[in-house]
Amino acid sequence: MNDPHPRISDLKMSPRPLVIAHRGYRAKYPENTLIAFQAAIDAGVDMIELDVLLSKDRKLVVIHDANLERTTNGHGEVGNHTMAELKKLDAGRWFDPRFAGERLPTIEEVPDQAKGKVPLNIEIKRSAYEPNSPPDAIETQLVHLVRRENMTESVLISSFEWRVLENIRAMEGAPSVAALSRYPDADGHAAACRKLKAFSWHPSYLELREDHVREMHEVGIPVFPYNADTREDVERMLAMHADGVITSDPLLLRGFGG
Ligand code: G3P
Ligand code: CA
């Protein structure tokens, strides 16, 4: 069956810097919600980045923080609430009363919205990693969902926890992976990404240097720094020859061919 979704591999062909919407169109919409993802699609981004964690009943919920306080009207840890409980929370009002009633998406809702329109970069948060690799580990559930949705070619899974990415690489028919680095000056990242067969490398924009980008390019791996959220930061990343940026405001790439 043909995958009707835009392909991750096509992103390497882009003649212009790629625009990856950080948690959706986060600058103007409540992060990691369906309305933020729709706004990013409408803005014509090349990929949408989003975060996933496990609920108490081990379902995948789209949220960045391990705690509910900042982006919902709930309290306590995400992992102490069932998905039914999480679904009752308001995930929009904190940002602006106009978005009251927006809910935390389940991971299953995102492909419904994005399929055929935009590839997804799904970040598995480090705190969701379980070293004992239970049968329903977050990475295993996610890969199964991607396969069920026929989106293997159109999802890029990233994580700061590279053991999650190694587990994914070991699964049959797994989607591509991207390595996140908070401290890109650490030695050997290019070799490690190559060993991992990472599609791309996503370093922090704060620490990135031009020689890091060059080393990654020498092993054929594109570089998408996170999160360049000002025009100045976007310019700095592109001057280093980054292949695109993960940004909360896709319109910052205007004028760069983005
Ligand atoms: O995936 C890039 C970026 O989102 C990583 O940092 O904290 O925004 O999830 P964070
Ligand atoms: Ca993220």
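Predicted model: local features only at pLDDT ≥ 70, side-chain atom pairs only at ≥ 80, totals over all residues.

**Stop 1: the calcium ion**

Select ligand 2, the calcium ion. Which residues are its protein donors? They are Glu 49, Asp 51 and Glu 123. Now look along the sequence: the donor residues follow the spacing E-x1-D-x71-E. Colour Glu 49 and Asp 51 by accessibility, and both come out buried.

**Stop 2: ligand 1**

Next, select ligand 1 and show the residues around it. Among them are His 22, Arg 23, His 64, Leu 180, Asn 227 and Ile 246.

Zoom in on the polar atoms. A side-chain N or O atom of Glu 49 is 2.7 Å from an oxygen atom of ligand 1. For Lys 125, a polar side-chain atom also lies 2.7 Å from an oxygen atom of the ligand. For Asp 51, the distance from a polar side-chain atom to a ligand oxygen is 3.4 Å.

**Stop 3**

How are their two rings arranged? The ring centres are 5.7 Å apart and the planes meet at 75 degrees, so the pair is edge-to-face.

Phe 160 sits in the loop between β5 (155-159) and α5 (162-169). Tyr 226 sits in the loop between α7 (210-218) and α8 (231-239). The pair therefore ties together parts that are 66 residues apart in sequence. Are these two residues buried or exposed? Both Phe 160 and Tyr 226 are buried.

Arg 182 lies over the face of Phe 160, 4.2 Å from the ring centre.

**Stop 4: Arg 23**

Arg 23 is in the loop between β1 (18-22) and α1 (34-42). Its relative accessibility is 8%, so Arg 23 counts as buried; the limit is 20%.

Show its side chain together with that of Glu 31. A polar contact of 3.0 Å joins the two. Beyond its close sequence neighbours, Arg 23 is in contact with residues including Asn 32, Phe 37, His 64 and Arg 70. Glu 49 and Asp 51 from the first stop are also in contact with Arg 23.

**Stop 5: Arg 70 and its partners**

Select Arg 70 and Asp 65. Their side chains are joined by a polar contact of 2.8 Å. Asp 65 lies in the loop between β3 (60-62) and α2 (83-87). Asp 65 has 17% relative accessibility and counts as buried. Leu 53 and Val 78 are also in contact with Asp 65.

Now turn to the charged end of Arg 70. What does it sit over? It sits over the ring of Trp 94, 6.0 Å from the ring centre.

**Stop 6: the ring cluster**

Select Tyr 25, Tyr 29, Trp 94, Phe 95 and Phe 99: ring pairs link them into a cluster. How many aromatic pairs does the structure hold? There are five. One of them is Phe 95 with Phe 99, a tilted pair with 6.0 Å between the centres and 50 degrees between the planes. Phe 95 is partly exposed at 28%, whereas Phe 99 is buried at 6%.

Tyr 29 is in the loop between β1 and α1 and is partly exposed, at 24%. Its contacts include Ile 35, Ala 36 and Ala 39, along with Phe 95 and Phe 99.

**Stop 7: two backbone angles**

Finish with the backbone. Most residues other than glycine have a negative phi. Asn 32 has a positive phi, near 55 degrees. Asn 32 is in the loop between β1 and α1 and is buried, at 2%. Then select His 241, where phi is positive at about 75 degrees. His 241 lies in the loop between α8 and β8 (244-247).

Notes: Residues numbered from 1 in each chain as written. Chains lettered and ligands numbered in written order. Heavy atoms only, no water. Phe/Tyr/Trp six-rings, centres within 6.5 Å; stacked < 30°, edge-to-face > 60°. Buried < 20%, exposed > 50% of the residue type's maximum accessible area, 1.4 Å probe, protein only. Helix = DSSP H or I, 4+ residues; strand = E, 2+ residues; numbered from the N terminus. Lys NZ or Arg CZ within 6 Å of the ring centre and 35° of its normal. Polar contact = N/O pair within 3.5 Å; in protein donor to acceptor, adjacent residues only side chain to side chain. Contact = heavy atoms within 4.5 Å. Donors = N, O, S within 2.8 Å, 3.2 Å for Na, K, Ca; no water. Near = heavy atom within 4 Å. Lists of a residue's contacts leave out its neighbours within four places in sequence.
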